[in-house]
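Please follow the account below with the sequence and the model in view.

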Amino acid sequence: MDLTPDDVQRQILDSVGRILERGADPQHTRALLEVGKYDEALHAELAAGGFFELPQAAGPLEAALVCETVSKAAGLVAATATGLVYPMLTGEAAPGPVALASDKGQPFRLGQFAKVILILRDGDALRLTPQPGDVEPVDNDRTGWPLARLKPAALSRAEKVGDGAQLLNWWRTGLAIDAAGAMRGALDVTVRYVCERIQFGRPIGTFQAIQHRLAQMTVQAEGVYWLALEAAYRNAEPAAAARAATWATTTSPLVLRETQQMHGAMGFTREYPLHLWTMRLPALQRELGGLSAHARAAAKLRVAA
Amino acid sequence: MDFDWTEEDVEYRTSVRAFLAENLPAGWHGYDKTNLPKYKADARAFCEALSARGWLTQNWPREYGGQDASPWRHAILSEELWPLGEPRGSQYMNVNWIGPAIMVAGTPEQKAYHLGRISAGDVFWCQGFSEPDAGSDLPSLRTRAVRDGDDYIVNGSKIWTSHVGTADFCFLLVRTDPEASKRAGISILLMPMDLPGIDVRHIDGFVGEQSFHHLVFTDVRVPAVYRLGEENRGWDIVRRALSFERVGAAHYDTATLILNEVVEEARRTGLLDDGEIQSKIGEAEAAIAASRLLTYRVVDLRAHGSPPTTDSNIARVAQTQALRLVGELAHVVFGEAGLESHSPGDIRRALAYSVAAGTTEMQLDQIASGHLNLPKFKG
């Protein structure tokens with residue numbers, strides 16, 4: 001047992017941190033989001049740096065560490081699907097941005113930018129290389145992700161690439177990693193805000209009513225972080241993946257509600273960046289059937305064990 | 001990073017289980033019994049056997065009767081013992097923080113005597129911290145120790161003290177300078193419990209038999225050589241000791257055992273097919289797993305030589321939450337049967353954990369200041 005990053009892991013985190021510092025500034029991300037674009041430059045830089053090939057080069061844990069960091073910086077790229085789920089499922093590096101979709105026609109994250117889409121259908125993992133018209137953007141201002149929908153006709157061209165359960169487990173692991181990053185990012189912004197925002201002659205972060213809630217959220221979000229890393233380390237072992245997704249979706253509503261609340265009206269503006277993190281959480285919360293699906297899976301796996 | 005146990009650790013856990021099969025007191029059934037004086041002989045024999053095996057204080061340095069074993073091995077021992085109702089009795093505190101506090105601040109004589117006895121497994125301690133007017137605000141404690149020649153004369157009282165019935169010594173916090181600021185006038189006395197003037201009153205409570213005591217001190221004469229560390233500098237020692245206390249016990253494994261019984265009961269009654277109960281089981285399972293990893297993070301920091309951090313507060317709150325979730329679920333699943341004491345559906349246990357070892361509110365305060373660096377109000 002050793003929960004401290006080793007030298008190689010630290011170097012990987014440092015170098016992705018430097019890329020994100022240059023490439024994932026919140027103003028830039030917000031501007032892209034407003035015009036419905038993908039951060040091609042950031043994606044290209046991460047790809048060129050080999051960060052999407054970490055599963056083969058180092059391992060899924062290293063990939064997960066990077067994906068969490070990208071999410072924490074609110075990078076507008078499909079890092080987890082591209083750099084963790086796809087390579088772990090197929091054993092190959094992704095040819096470009098990857099999106100994850102169910103076959104039920106629901107909106108899914110970043111689908112309009114995907115070079116390849118992994119689809120969970122019955123017991124199978126399918127791969128689709130979308131052609132023009134297969135995917136249409138969904139007009140939404142509810143989440144921090146551009147969403148898209150897959151046209152049912154496109155499904156017939158999708159080919160089987162693996163086991164559906166495998167995709168499900170990696171997807172759960174990935175969404176927990178994305179949620180951990182989004183929550184930890186939202187908490188960082190909120191901690192800064194409550195230290196600066198003066199009301200009643202003092203920073204609102206001095207009020208115990210604020211402090212305890214932030215501390216409680218920290219406990220929750222750190223728990224998600226470690227469960228997500230463990231799930232990646234264990235190769236998305238079903239129970240570990242279900243636990244991570246369960247705790248991520250249990251915790252997300254709390255962090256969403258509370259970090260928004262602590263910002264007051266400022267948190268609802270497009271100008272202030274909080275929404276870059278918080279508005280991603282509702283989308284993550286809904287994927288794959290949401291909390292009750294993950295929690296019931298965790299329970300069934302426990303009972304069966 | 002590595003989330004798996006080493007081969008040596010796995011072997012160690014196996015050998016601990018074999019040891020337990022041989023050495024656990026006959027008829028031992030755990031829960032909430034370790035306060036009772038009648039179990040003291042059992043706990044002593046068990047700890048002496050652990051000591052003979054070299055495991056009681058294995059994580060201590062060799063010079064103090066330890067084996068320089070990794071904190072992970074000690075954590076494994078705690079994981080195996082705590083869910084059994086802690087057959088070490090109060091001696092788990094000796095190993096986790098009383099001994100380490102003495103290592104940090106003790107005189108050569110204190111180290112030789114106390115660390116020797118603790119590592120031999122033949123001594124029991126209680127913790128003289130809380131007072132009627134000093135609970136969460138522990139530094140406002142008022143039990144007074146006045147220097148008189150080679151002694152201190154102690155007057156005052158301690159309350160909610162556990163393990164008094166078995167205690168040979170008390171790790172006692174006293175005020176030696178009433179003029180100084182709250183934290184600057186506190187000293188520690190390693191006080192034998194058989195000194196004249198110590199009145200022990202039992203407080204009837206509903207979380208475990210004989211859990212609480214009120215200690216009243218009337219002109220107790222404590223030799224000054226029993227003081228731990230410098231006069232008026234006790235708070236720093238205690239702060240450090242408390243961070244070891246918080247995660248010394250593997251509550252997540254207690255929660256796991258309760259959840260096992262919940263699952264069995266739900267299976268028996270057909271509730272296991274209920275989607276909502278399944279969801280709650282999954283959530284409790286995730287909460288337990290999260291609190292386990294957050295506790296491992298604390299052990300890991302220690303294994304890497306880090307000084308205590310607020311990670312121990314985070315782990316403590318997570319453990320408390322896991323116990324609460326599983327306790328509330330047990331309450332539902334066991335129904336009326338949960339009203340019987342010693343039922344896993346007994347909600348009282350979960351209620352007590354968020355108060356013991358520093359209330360959840362105090363843990364959150366420390367996370368807010370130490371981890372998040374939120375500002376203090378200077379009004």
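In this predicted model, strand S4 (residues 124-128) of chain A pairs with S7(A) in the antiparallel sense, over 4 bridges. Within S7(A), A:Lys160 is the residue that stands opposite A:Leu126. Strands of a sheet pair through backbone hydrogen bonds, in either a parallel or an antiparallel manner.

These two strands belong to an open sheet of 4 strands in chain A, ordered S1-S3-S4-S7, in which the pairing is mixed. Strand S1 (98-102) and strand S7 (159-163) of chain A each have a single partner strand, so they stand at the edges with one side left without a neighbour in the sheet. From one strand to the next, the twist averages 30°. Helix H6 (residues 79-90) of chain A packs on the sheet and touches S1, strand S3 (116-121), S4 and S7 of chain A; the direction of H6 makes about 70° with that of S1(A).

In chain B, the axes of helix H1 (residues 7-23) and helix H3 (residues 71-81) come within 10 Å and cross at roughly 35°. The crossing of H1(B) with H3(B) is right-handed. Among the residues making this contact are B:Tyr12, B:Val16 and B:Leu20 of H1(B), and B:Trp72, B:Ile76 and B:Leu77 of H3(B). By class, the contact comprises 6 nonpolar, no polar and 5 charged residues.

Finally, the two chains touch each other: 42 residues of chain A and 38 residues of chain B take part. Several elements give two or more residues to the side of chain A, including helix H7 (164-196) and helix H8 (208-233). H8(A) gives the most, with 13 residues. The side of chain A that touches chain B has 19 nonpolar, 13 polar and 10 charged residues.

Key: Residues numbered from 1 in each chain as written. Chains lettered and ligands numbered in written order. Predicted model: local features only at pLDDT ≥ 70, side-chain atom pairs only at ≥ 80, totals over all residues. Axes fitted to C-alpha atoms, helices over the stretch in contact; angles between N-to-C directions. Left-handed = near helix turned anticlockwise from the far one by under 90°. Contact = placed C-beta atoms within 7 Å. Nonpolar A, V, L, I, M, F, W, Y, C, P; charged D, E, K, R; others polar. Pairing = 2+ DSSP bridges.
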